Number of protein chains: 2
Amino acid sequence: MVGCVIVKDGKIVGEGFHPKAGQPHGEVFALRDAGDLAENATAYVSLEPCNHYGRTPPCTEALIKAKIKKVVVGMVDPNPIVASKGLDKLRDAGINVTVGVEEELCKRLNEAYIHQMLTGKPFLTLRYSLSVNGNVLDQLGEGVTEAGGYYSQLLQEHDAVILSPTLLIDKLSILASQEPGAKQPLLITTARNPSPLTRIPALSTEETANVIIFTDKEMDVGERTAQQGIETVVLDQINLNAILEYCKRQGFCSVLLDLRGNFGDLEELLKQSIEQNLLQKIVMEILPIWGGSDSDNENLQVAIKSLDRGLKVKNLQPIISDKKIVLEGYL
Amino acid sequence: MVGCVIVKDGKIVGEGFHPKAGQPHGEVFALRDAGDLAENATAYVSLEPCNHYGRTPPCTEALIKAKIKKVVVGMVDPNPIVASKGLDKLRDAGINVTVGVEEELCKRLNEAYIHQMLTGKPFLTLRYSLSVNGNVLDQLGEGVTEAGGYYSQLLQEHDAVILSPTLLIDKLSILASQEPGAKQPLLITTARNPSPLTRIPALSTEETANVIIFTDKEMDVGERTAQQGIETVVLDQINLNAILEYCKRQGFCSVLLDLRGNFGDLEELLKQSIEQNLLQKIVMEILPIWGGSDSDNENLQVAIKSLDRGLKVKNLQPIISDKKIVLEGYL
């Protein structure tokens with residue numbers, strides 16, 4: 001996610017952002033928007049301009065060609081193909097370059113991409129709902145799945161969502177981000193014996209294309225899934241590492257582990273995420289309920305409570321979300 | 001807590017508030033401040049002006065005498081001695097009276113007083129700290145006991161605090177509100193057999209005067225407490241109702257049940273607060289920690305989790321508290 005603003009004599013003369021992979025970068029749109037006014041102007045870019053020929057020509061060249069005088073960069077690109085080479089190129093062309101302005105905010109905008117670039121692994125976010133007395137609830141606050149709601153936004157922000165098979169069966173319709181033009185995440189679930197997936201309802205082609213099921217040789221995902229053409233991946237052993245490895249091979253930057261549905265399926269994955277330090281971020285919704293000790297989720301309650309690694313959560317803070325109490329923090 | 005502002009020709013000409021019981025009300029201070037300018041001015045008062053002779057003459061008379069033209073009142077006084085009689089008196093004197101402006105905010109300012117007036121019982125607040133994975137922690141966030149911190153403010157806002165005897169022994173020094181000129185709450189604790197209170201350290205006279213211990217006939221609070229002159233109340237049975245009854249007789253409006261120290265002592269009181277609907281408000285601090293499943297507090301963990309009455313929490317919202325995550329809500 002990169003944005004660019006071109007400013008001349010204190011006025012914005014061009015704006016642009018990178019809409020999606022394969023399309024031109026923010027600088028290109030902003031320069032187009034500015035036209036001849038780009039000459040001697042200052043370009044503000046959240047990420048270092050690229051200097052390599054990918055699907056589009058390098059942005060450094062476009063900035064030089066447009067005779068930009070100064071470039072203010074939020075953060076250096078962690079991608080080793082770019083990594084400061086873009087800045088060098090601009091400086092060599094006589095452009096005044098400033099780096100690290102509002103760097104923390106720029107980093108947060110692309111936290112998943114940066115993590116993936118630096119570690120080679122997808123950025124993993126855990127989401128769950130808690131009652132005020134500390135029980136995990138299989139509930140969401142009212143309206144959060146609607147456009148603008150934090151849950152709808154989380155779905156948009158993640159390339160894949162790992163969820164309970166019961167959720168896939170019962171609530172597939174609300175597992176789509178409602179943000180306008182949102183890219184929908186891949187829905188990942190696991191089969192077990194006996195798998196609730198044997199009860200999976202009839203899905204549209206569009207829906208099945210967005211679902212993937214991980215199984216091992218012992219598991220029976222049921223004929224219905226095969227009949228419907230849902231992709232199934234057979235692993236030696238189902239574990240979080242294997243799922244993340246798959247996501248990595250798909251080029252995914254970000255994966256959401258969503259504690260909803262029949263939690264029992266997710267208990268092991270949750271444990272692994274904490275014990276193997278695979279988790280980067282938590283997003284928790286606190287629901288205005290004193291309750292939630294029903295026995296259905298007892299295993300997960302025990303799991304989440306007893307996973308005591310004394311981890312410090314960094315930057316724990318509320319997300320502004322229309323009267324809902326949603327907190328996020330980093331591990 | 002009542003404030004009064006006198007406005008004339010769109011300008012504030014007088015301000016006052018009720019500093020503490022026995023001292024003049026906010027209207028009196030505001031009228032003194034305004035002097036002759038009060039004539040034909042508008043008085044804004046958060047609570048209905050009193051109409052009875054208590055320790056001070058009625059504020060209605062003061063407003064009439066000062067020739068106030070209009071009075072805007074936040075809320076009617078729930079005290080049956082006042083209850084709308086103040087408004088009638090003003091209207092009878094030809095003053096234009098408007099009632100119910102910013103009523104919710106005014107009610108919140110005096111929520112404990114209103115509750116006590118309407119029910120005859122003290123307003124009970126439960127405070128606790130949760131880890132992000134839902135465990136109750138015997139910890140507070142950094143700086144919250146200092147002046148301006150939510151904990152220091154809570155102590156100021158409550159007439160009494162019920163706490164674990166271990167807390168009294170170990171941390172008495174931080175059980176005082178640091179707000180400038182704060183009225184300190186009475187510290188209430190319970191003894192059990194064997195009582196940790198036998199280990200109570202030497203206290204100053206000022207400190208002992210602020211402590212009260214509830215026991216029953218079976219319990220031994222230790223000679224040290226008696227030697228130090230700490231007040232001990234022997235009850236037939238120690239329970240929350242009996243403690244609140246005592247607080248009521250002391251004229252207390254608000255009591256804080258603080259889940260800190262050795263939680264075991266508080267487990268029963270917590271249960272009773274929920275099961276007998278004695279709780280009006282919760283204040284929870286969410287600490288940036290994934291952990292807290294140490295066995296010390298296991299009983300309380302179980303108690304708080306399993307107290308499942310499916311209670312809805314109203315107006316759950318964050319308190320702004322210098323980077324700390326503190327939520328409050330009402331039962």
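This is a predicted model: local features need pLDDT of at least 70, side-chain atom pairs count only at pLDDT 80 or more; totals for chains, interfaces and linings use all residues.
Residues are numbered from 1 along each chain as its sequence is written, and chains are lettered from A in the order in which they are written. Local features need pLDDT of at least 70, side-chain atom pairs count only at pLDDT 80 or more, and totals for chains, interfaces and linings use all residues; side-chain values use heavy atoms, without hydrogens and water.

**View 1. Contact and buried area between chain A and chain B.** On each side, 35 residues are in contact with the partner chain (heavy atoms within 4.5 Å). The buried area is about 2,600 Å² (accessible area, 1.4 Å probe, lost on putting the two parts together, summed over both). Carbon and sulfur atoms give 66% of that area. Val132(A), Trp290(A) and Lys305(A) lose the most area in chain A, together 29% of what that side buries.

**View 2. Polar contacts across the interface.** Six residue pairs are in polar contact, both residues at pLDDT 80 or more (N or O atoms within 3.5 Å, one able to donate a hydrogen and the other to accept it; residues adjacent in sequence count only if both atoms are side-chain atoms). Salt bridges number zero (side-chain nitrogen of Lys or Arg within 4 Å of a carboxyl oxygen of Asp or Glu).

**View 3. Strand pairing between the chains.** Strand 14 of chain A pairs with strand 15 (residues 311–312) of chain B (strands are DSSP E runs of at least two residues, numbered from the N terminus; pairing needs at least two bridges). The sense is antiparallel, over two bridges. Trp290(A) has Leu311(B) as its bridge partner.

Note on methods. Helices (H or I, at least four residues) and strands (E, at least two) are DSSP runs, numbered from the N terminus.
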